[in-house]
Amino acid sequence: FHEGESVCSELYTYMINRSDPNIFSNSLTHANHALTAPKIASFIRVKHPELIVSVLDYITYIGIDEFVRDEDGSGNDEVVSFFLQAEYQDLSEEARKYVKEIVIKNCDLVDDKYILKHACAGIVVSLSRVE
């Protein structure tokens, strides 16, 4: 199981492209969210065309209403900070604005609550059939 194409990969790529590598880089983070299941599957297909590779996508939803609305000024940014692998409040104002826009863009409104779509994926690799 791995990361699917979702808001996490977009946010991680944003952070990697705009950060000092001594502060935020692939080697300093827990996981490379930009390395998604479709990219891994594509690599396997190229290197091992004899294998059958498929990606099983599953969308999960995470409640993020407090972060989107930020009505009490507390931020409620724990989920976003977790996905960023960085403290949201420590980002520049420009970065916080961009991150919030991307998060909102990837939300659905259900029962008047914002929920963030998050893609998870399974990579299935099997031997090709001999005919």
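Tutor: A residue is called buried under 20% relative accessible area, exposed over 50%, and partly exposed in between (1.4 Å probe, protein chains only). Please keep in mind that this is a predicted model, in which local features need pLDDT of at least 70 and side-chain atom pairs count only at pLDDT 80 or more, while totals for chains, interfaces and linings use all residues. Residues are numbered from 1 along each chain as its sequence is written, and side-chain values use heavy atoms, with hydrogens and water left out.

Student: How many salt bridges does the model have?

Tutor: A salt bridge is a side-chain nitrogen of Lys or Arg within 4 Å of a carboxyl oxygen of Asp or Glu, and by this rule the count comes to four.

Student: Which residue meets E10 in a salt bridge, and which parts does the pair tie together?

Tutor: The partner of E10 is K105, with 3.6 Å from N to O. Because E10 lies in helix α1 (residues 7-18) and K105 in helix α5 (residues 93-105), this pair ties together parts that are 95 residues apart in sequence. Helices (H or I, at least four residues) and strands (E, at least two) are DSSP runs, numbered from the N terminus. As for accessibility, E10 is partly exposed at 26%, whereas K105 is exposed at 54%.

Student: Where in the chain are D112 and R69, the partners of another salt bridge?

Tutor: The closest N and O atoms of D112 and R69 are 3.5 Å apart. D112 sits in the loop between β3 (107-110) and β4 (113-127), while R69 belongs to helix α3 (residues 65-69), so that the pair links distant parts of the chain, 43 residues apart. D112 is exposed, at 55% relative accessible area, and R69, at 31%, counts as partly exposed.

Student: Which residue forms a salt bridge with D108?

Tutor: That residue is K117, and the closest N and O atoms of the two are 3.6 Å apart. Both ends are partly exposed, D108 with a relative accessible area of 27% and K117 with 28%. Elsewhere, salt bridges that share partners join D65, R69 and D112 into one network.

Student: How many bridges join β3 to β4?

Tutor: Two strands pair if DSSP finds at least two bridges between them, and here four bridges join β3 to β4, which run antiparallel. D108, for example, has I115 in β4 as its bridge partner. The hairpin of β3 and β4 has two residues between the strands, and in this hairpin D111 takes a positive phi near 50°.
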